Amino acid sequence: MEVPRTIENLTARANLLRDSLLKSKVNTESMVDILGSFDHRLSALEAAMRPTQLRTHAIRMAHENIDRTLKASDVILLQFDIARQAEATILRGPHEDLESYLEAVDLLKGIVKFFTSKKNFKSSDAVLTNVHNLLAKSVSKLEEEFRQLMTTYSKPIEPDRLFDCLPKSLRPSSGGEENINNSKHENQAKSLEAAVYKPPALIPPRVLPLLHDLAQQLVQAGHQQQCFKIYRECRSSALESSLRKLGVEKLSKEDVQKMQWETLEAKIANWIHFMRIAVKLLFAGEKKICDQMLDGISFPKDQCFADVTTNSVATLLSFGDTVARSKRSPEKLFVLLDMYEIMRELHPEFETIFEGKACAEMRDCALNLTKRLAQTAQETFGDFEELVEKDPSKTTVLDGTVHPLTSYVINYVKFLFDYQSTLKQLFQEFETGVENESQLAIVTNRIMQALQSNLDGKSKQYKDSALTYLFLMNNIHYMVRSVRRSEAKDILGDDWIQRHRRIVQQNANQYKRVAWAKILQTLSVQGMSSGSSLGNDSSGVSRAMIKERFKSFNMQFEELHIKQSQWTVPDPELRESLRLAVAEVLLPAYRSFAKRFGPLVENGKNPQKYIKYSPEELDRLLGELFEGKQYVEPKR
């Protein structure tokens with residue numbers, strides 16, 4: 001019974017489940033129908049609202065466009081406002097406020113840039129045309145202002161202001177510009193080692209930035225050539241005027257050739273001074289302002305600087321070149337060395353200041369002048385050596401003293417040694433394979449040998465052989481003494497000095513032998529033949545012969561005294577030494593002769609007529625020799 005009930009329960013439940021599923025299906029289908037109806041209604045609603053959405057979007061876009069347009073309009077109106085303000089400044093000109101004027105120009109350039117980038121702005125052409133016109137006016141006014149400022153501040157520098165910029169050792173004395181290079185050469189060379197130069201401000205520092213900005217505006221506006229021309233004309237004119245005020249002249253070859261040596265020498269000394277001032281102060285100053293004014297500007301600075309300085313450099317170098325090419329003479333050697341020295345000194349400045357391709361010609365000209373001066377100086381050396389050896393002057397020093405040629409040559413050689421460092425540098429210009437100091441020794445030796453050769457020739461002009469030897473003794477002694485007291489001693493060496501001292505002594509001995517041999521013969525007993533003897537004289541010499549000997553001695557001594565008192569030995573030590581050498585020979589012989597034969601005369605009539613001199617009197621008279629006295633005929 002239980003089983004069927006269970007089946008019935010299951011069946012009832014299955015039926016109930018089926019009925020529930022059927023109801024769910026019906027409900028699902030109803031919901032699908034309802035939802036389908038909603039979808040249809042929503043699609044219809046969306047279709048109805050689409051026009052409203054489109055109008056709303058359009059309105060929103062329109063608002064956004066209006067905002068953008070208003071903002072753009074504000075920017076454009078601002079540009080117009082800027083243009084009006086800039087225009088007022090441009091029309092007023094730059095004189096009152098240059099900085100504000102330059103700012104206005106920059107604003108106008110900004111406006112051009114702005115409208116150039118806004119191609120779709122219909123009124124931009126008219127605006128740009130107006131701004132371009134203003135910019136054109138501004139460039140014209142800027143060019144005028146640049147010219148005015150450059151002219152105003154490009155004034156020549158007064159010489160006194162330039163002198164104040166020099167080291168104290170190079171400043172001229174109150175004597176003016178002439179002989180401004182008159183200090184001792186060696187001392188001056190040493191002082192130059194620590195020389196400090198203070199270039200003047202050629203243009204006031206406060207003005208340079210303004211000139212820089214003006215130049216930049218002109219170059220950016222395409223007025224580079226106008227800017228270049230104004231700068232070149234103003235600065236070159238100021239530079240040339242500064243040099244003229246200093247004393248620099250344009251001299252032709254003919255002008256230099258016609259000058260007296262003293263005038264030319266003074267001009268060369270001034271030229272050396274002018275070269276230092278021009279290069280270390282004026283050209284250096286020009287380089288500085290050129291670099292500062294044109295810094296950061298697309299502009300050929302080197303060419304600009306070259307054009308400013310080329311005429312001034314040419315004027316200075318042409319004078320040096322004319323002197324270097326002029327007729328050579330010994331006195332020009334030292335000024336040639338001075339000129340060579342200043343060109344060597346300024347070489348680093350020429351390389352630094354005149355750098356770049358545009359200045360290459362000026363650098364080359366300076367270097368060529370240096371080489372030409374070296375060449376001329378070396379040739380002058382050769383000329384001097386030949387001139388000394390072949391000096392044709394027939395001038396005879398009557399008293400046998402130092403010949404003018406000797407003192408001239410020795411002073412010349414001594415001056416050479418003031419230029420030792422310069423000469424070493426000069427010899428390097430022409431490498432000979434010999435050390436520079438040896439080269440200087442060779443040159444000096446040759447000059448000394450040439451002088452000796454010439455003196456030998458001049459000594460033969462004397463008829464009196466004794467004066468020949470005295471002349472040679474005096475001159476070679478002067479050479480030796482001068483060398484010993486100068487730097488030539490280190491170059492020529494002790495051997496040279498000792499060798500020439502021996503030559504001095506040899507000539508002194510020869511003088512003594514030739515001048516006093518004959519008078520000493522009168523005091524010699526040799527050759528005295530015996531005659532009628534008187535008294536107890538053991539020599540058997542006649543009184544007459546003794547009288548004749550004393551008489552001959554007196555006459556010869558008087559002649560020698562008169563003659564040799566007119567001769568000159570200028571060196572006191574040598575003079576005293578020579579007197580002593582004569583006395584050492586003469587006085588013992590006279591004493592001996594007088595002691596031996598004097599009694600024969602003293603016992604006779606008028607002994608003072610024959611024995612005129614005592615040994616002491618002779619010694620006193622020998623002390624009067626070589627004084628260069630003028631002989632006066634005694635009154636009868």
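The following dialogue examines how terms are applied to a predicted model of one protein chain.

Student: What makes up the chain, in helices and strands?

Tutor: The chain has 20 helices and 0 strands. Its length is 636 residues, and buried residues make up 42% of them.

Student: How confident is the predictor in the chain?

Tutor: The mean pLDDT of the chain is 82, and 77% of the residues reach 70 or more. Among the elements, helix α16 (residues 465-484) has the highest mean pLDDT, 95, while helix α5 (residues 185-193) has the lowest, 52. Over residues 174-184 the pLDDT is below 50, and this stretch has 15 contacts in the model beyond near neighbours in sequence. Residues 530-538 also have a pLDDT below 50, with 9 such contacts.

Student: How many aromatic pairs does a search of the whole structure find?

Tutor: The search finds 19 aromatic pairs.

Student: Why is the pair of F350 and F354 called stacked?

Tutor: The ring centres of F350 and F354 are 5.3 Å apart, and their planes stand at 25°. Centres must lie within 6.5 Å for a pair, and planes under 30 degrees apart count as stacked. The distance and the angle both meet these limits, so the pair is stacked.

Student: Are F350 and F354 buried or exposed?

Tutor: F350 has a relative accessible area of 3%, and F354 has 0%. Buried means under 20%, so F350 is buried and F354 is buried as well.

Student: Why is the pair of F550 and F593 called edge-to-face?

Tutor: The centres of these two rings are 5.2 Å apart and their planes are at 70°. An angle over 60 degrees counts as edge-to-face, so that term applies to F550 and F593. The pair links distant parts of the chain: F550 belongs to helix α18 (residues 543-566) and F593 to helix α19 (residues 572-602), 43 residues apart. Both F550 and F593 are buried.

Student: Which residues form one aromatic cluster?

Tutor: One aromatic cluster consists of F334, F384, Y408, Y412, F415 and Y419.

Student: How do you know that the charged end of K287 sits over the ring of F305?

Tutor: The charged end of K287 is 5.3 Å from the centre of the F305 ring. The distance limit is within 6 Å, and the charge must also be within 35 degrees of the ring normal. The distance meets its limit, and K287 is listed as sitting over the ring.

Student: Which residues touch the most other members of the largest nonpolar core?

Tutor: That core has 157 residues, and those touching the most other members are F146, W271, M275, M343, Y511, W516 and F557. Helix α9 (residues 261-293) gives the most to this core, with 16 residues. Leaving aside neighbours within four places in sequence, F557 is in contact with W516, I519, L586, Y613, L618, L621 and L622.

Student: Why is Q556 called buried?

Tutor: The relative accessible area of Q556 is 12%. Since buried means under 20%, Q556 is buried. Q556 is found in helix α18. Not counting residues up to four places away in sequence, Q556 touches K518, I519 and T522.

Student: Why is G457 called partly exposed?

Tutor: G457 has a relative accessible area of 41%. Buried is under 20% and exposed is over 50%, so a value in between is partly exposed, as for G457. G457 is found in helix α15 (residues 436-459). Its C-alpha atom is separated by 9.6 Å from that of K390, 67 residues apart along the chain.

Student: What makes M448 buried?

Tutor: M448 has 1% relative accessibility, and buried means under 20%, so M448 is buried. M448 also lies in helix α15. Leaving aside neighbours within four places in sequence, M448 is in contact with I410, M479, V483, L492 and W496. The C-alpha atoms of M448 and T406, 42 residues apart along the chain, are separated by 9.5 Å.

Student: What is the phi of F626, and where does F626 lie?

Tutor: Phi of F626 is near 65°, a positive value in a residue other than glycine. Most residues other than glycine have a negative phi. F626 lies in the segment after α20 (615-622).

Conventions: Residues numbered from 1 in each chain as written. Predicted model: local features only at pLDDT ≥ 70, side-chain atom pairs only at ≥ 80, totals over all residues. Heavy atoms only, no water. Phe/Tyr/Trp six-rings, centres within 6.5 Å; stacked < 30°, edge-to-face > 60°. Buried < 20%, exposed > 50% of the residue type's maximum accessible area, 1.4 Å probe, protein only. Helix = DSSP H or I, 4+ residues; strand = E, 2+ residues; numbered from the N terminus. Core = buried A, V, L, I, M, F, W, Y, C linked by side-chain atoms within 4.5 Å. Contact = heavy atoms within 4.5 Å. pLDDT = per-residue confidence, 0-100.
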